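This report concerns the packing of helices, chains and domains in a multi-chain model.

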Amino acid sequence: MTIDKIIFLIVAAGTLIAALRVVTTGNLIHAAFWLIATLFGVAVIFAVLHASFLAVVQVVVYIGAIAILFIFAVMLTRKDMRDQGPQLNRNWGFGALLAALAFVGLALLVHGWSGVTKTASAFPSGFDAVSALGNALVSPDAYVLPFEVASVLLVAALVGAVYVAYNRK
Amino acid sequence: MDFLKDPLKVTADWLLGIFAGWGMPELWANVLIGFLGIFILVALLMALDIILVWIERKVVSRFQSRIGPNRVGPFGLIQPFADIIKLLIKEDTTPEGADKTLYNLAPILSMMSVLILWAVVPLAPSILGVDLNIGALYIIAAGAIGALSIIMAGWSSNNKYSLIGAFREVAVMLSFEIPMLTVMLIPTIFTGSMGIGAITQAQDTWFVFLAPLAAVIFLIAAIAELGRAPFDMGEAESELISGYNIEYSGMKFGMFYAGELLRAFTFGGFWAILFFGGYRFFGLEQVSAFLAVAILFFKAFIGYWIIMWVKYTLLRIRIDHMLAFNWKFLTPVAFVLLMTTALMNALLANAPAWLYIGGMFLSNILVAWISLEVARSTSRRERERVEGAKASMPEVAQH
Amino acid sequence: MVPLSWYLIFSAALFSIGLFGALSRRNLVAILLGIELMLNSVNVNLVAFWRYGDVTNITGQVFTIIVFAVAAAEVAVGLALVISVYRKRNTVIADEIDMLKF
């Protein structure tokens with residue numbers, strides 16, 4: 001058991017516990033804060049995987065924007081913050097079964113796949129993941145089209161969200 | 001001589017020798033030295049924070065034609081310690097119906113979001129916590145955690161003024177992050193790296209001469225991020241009594257207050273690092289690491305003083321005006337400036353230094369002038385529309 | 001060195017938890033929280049495959065960025081819909097929003 005394995009296990013266990021709290025806790029504000037804990041755990045996993053840019057973007061975009069948006073939404077639909085009644089619907093047993101089946105199926109797939117024992121190779125010298133990512137996103141040979149489509153999607157979402165949620169009074 | 005050049009490495013080697021003498025494995029010794037370094041940095045920052053309380057109070061009193069703290073110790077220098085003792089022995093209240101865990105977590109997160117910023121601050125050529133190659137983004141990420149602590153405090157206090165204050169403050173912070181991040185990309189264009197250490201190293205000419213408008217936008221966005229007047233929507237004493245920290249007392253309030261002061265100082269420091277050369281001052285930083293730290297702190301204090309000057313001179317702006325100012329003026333200007341800078345950088349890539357600097361400076365001035373003209377004509381039209389409607393009203397009433 | 005399978009199992013567990021949340025919660029916002037968890041588990045997989053495959057091939061990170069953008073768009077529109085429904089129907093319980101038109 002090396003030190004990076006111990007770090008991974010601690011972070012992964014914490015993240016999964018926080019994720020479980022997201023889907024089971026009754027108080028929605030608490031669920032949103034547990035979501036933030038989960039997202040932070042995932043950011044740490046990214047950092048462990050040497051994807052530092054993605055780790056920071058995860059904190060900026062997910063925690064700084066998406067999670068705060070969730071908190072705002074919970075507060076704006078305030079009637080349900082008191083949490084009367086059950087938080088799970090009638091078919092939650094079915095949902096749990098399906099989720100468990102999905103986990104077992106995925107685990108079996110991972111188990112049966114031959115590439116799983118692969119170990120990470122060291123970074124080539126002089127390789128900078130951040131500049132490689134930046135070049136890939138704007139290079140016509142690589143991913144400039146998906147990148148532009150994503151920006152169009154964001155603009156469309158911005159306009160759509162304002163139009164849908166605008167209060168015409 | 002070596003110690004003056006690179007005190008951190010000399011001390012670390014010395015400590016490593018001592019720990020090795022005790023029979024400690026090298027890995028553990030290195031981890032321990034790392035922790036000691038963090039501990040010393042945080043302790044020094046907290047000590048600085050205490051002095052900042054005194055400086056802030058003295059400066060505000062000079063702005064308001066008062067003397068300020070002058071009873072305890074010479075020039076009131078012992079006053080902040082008396083303040084801290086008072087905060088520590090004050091009754092620590094928790095409002096009824098508060099969400100206890102989040103209520104207690106919020107001040108800690110607030111302080112933490114400031115302290116983690118110092119991990120990427122290059123204090124001297126040889127003194128730098130982590131040379132992250134994404135330093136500029138890291139600053140924004142730490143700001144996101146600050147916003148989180150504010151909404152946590154606002155919600156868990158179970159007080160409507162807290163909640164309104166937190167809502168406003170977070171809305172402001174999220175909005176002003178956009179122009180801030182955009183203008184942070186401008187030093188990145190000049191340097192070719194997002195690392196704060198590399199940005200400092202690259203400033204043979206201070207970036208303020210290359211991008212004066214970017215420096216101004218960064219300062220405005222930083223003041224809004226700090227939640228200081230004229231953008232102090234989160235606290236707004238006269239409207240919201242004290243905003244998100246209304247229910248906090250004792251040292252928990254002290255944490256928010258100390259965090260705010262240290263954050264203001266830190267952003268003064270980032271202003272200096274991104275646009276005024278950080279620890280660089282005509283080669284003086286090469287003489288000794290301590291001199292470099294002193295230069296950086298001197299520049300950071302000038303930035304902090306400007307932030308205080310703005311805070312105690314200007315009036316609070318209304319929340320809708322503030323957000324409109326950001327979305328309709330500051331963000332577009334920042335985007336246009338970023339595009340102009342990128343274009344000029346590509347055009348002048350092979351130009352001599354004087355042409356490069358002059359072109360950048362002039363393009364900045366041009367963007368600033370055009371945007372101010374557009375804003376002026378728009379606001380004049382708006383004013384005429386509103387005043388025209390007002391002027392025609394009595395006429396309608398007469399008939 | 002942590003084996004690749006650990007990351008994959010972790011991401012599968014995160015995905016299943018998110019799936020459970022999306023299927024079983026009554027509150028619309030909580031359903032969106034579950035979907036966020038599922039998107040995050042996908043990101044973990046993409047980054048792990050990038051790290052354990054050929055690191056010079058940056059595709060995994062690029063797709064993670066695209067997933068970030070899609071998640072942001074999804075949350076913005078989804079929460080706008082939730083708020084709009086709440087204004088009209090005064091509820092955010094998925095079971096009670098059962099009319100196609102209102």
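The model is predicted: local features need pLDDT of at least 70 and side-chain atom pairs count only at pLDDT 80 or more, while totals for chains, interfaces and linings use all residues. Residues are numbered from 1 along each chain as its sequence is written, and chains are lettered from A and ligands numbered from 1 in the order in which they are written.

Two packed helices are described by the angle between their axes and the distance between the axes. In chain A, helix 1 (residues 3–24) packs on helix 2 at an angle of about 155°, and the axes lie 8 Å apart. Helices here are DSSP runs (H or I, at least four residues), numbered from the N terminus; axes are lines fitted to C-alpha atoms over the stretch in contact, with angles from 0 to 180 degrees between N-to-C directions. Helix 1 and helix 2 of chain A are therefore roughly antiparallel, a term for angles over 145 degrees. Their crossing is left-handed, meaning that the near helix is turned anticlockwise from the far one by less than a right angle. Among the residues making the contact are A:Phe8 and A:Gly14 of helix 1 of chain A and A:Trp34 and A:Gly41 of helix 2 of chain A. Residues are in contact if their C-beta atoms, placed from the backbone, lie within 7 Å.

Between chains A and B, the contact takes 16 residues from chain A and 15 residues from chain B. On the side of chain A, helix 2 (28–48) and helix 3 (52–76) each give two or more residues, and helix 3 of chain A supplies the largest share, 11 residues.

Chain B is divided into domain 1 (1–89) and domain 2 (95–319), with bounds from an automatic or database domain assignment. The domain centres, taken over C-alpha atoms, are 19 Å apart. Their contact takes 19 residues from domain 1 of chain B and 18 residues from domain 2 of chain B. Helix 3 of chain B gives the largest share of the domain 1 side, 10 residues.

The table lists two of these contact sides by residue class.

| Chain A, touching chain B | 13 residues | 2 residues | 1 residue |

Ala, Val, Leu, Ile, Met, Phe, Trp, Tyr, Cys and Pro count as nonpolar, Asp, Glu, Lys and Arg as charged, and the others, Gly among them, as polar.

In chain C, the 31 residues of helix 3 (residues 59–89) should span 45 Å at 1.5 Å a residue, which agrees with the 44 Å between its end C-alpha atoms. The expected span is 1.5 Å times one less than the number of residues. C:Asn90, with a positive phi near 60°, follows helix 3 of chain C.

Terms used
Two residues are in contact if their C-beta atoms, placed from the backbone, lie within 7 Å. Angles under 35 degrees count as roughly parallel, over 145 as roughly antiparallel, 65 to 115 as roughly perpendicular and the rest as oblique.
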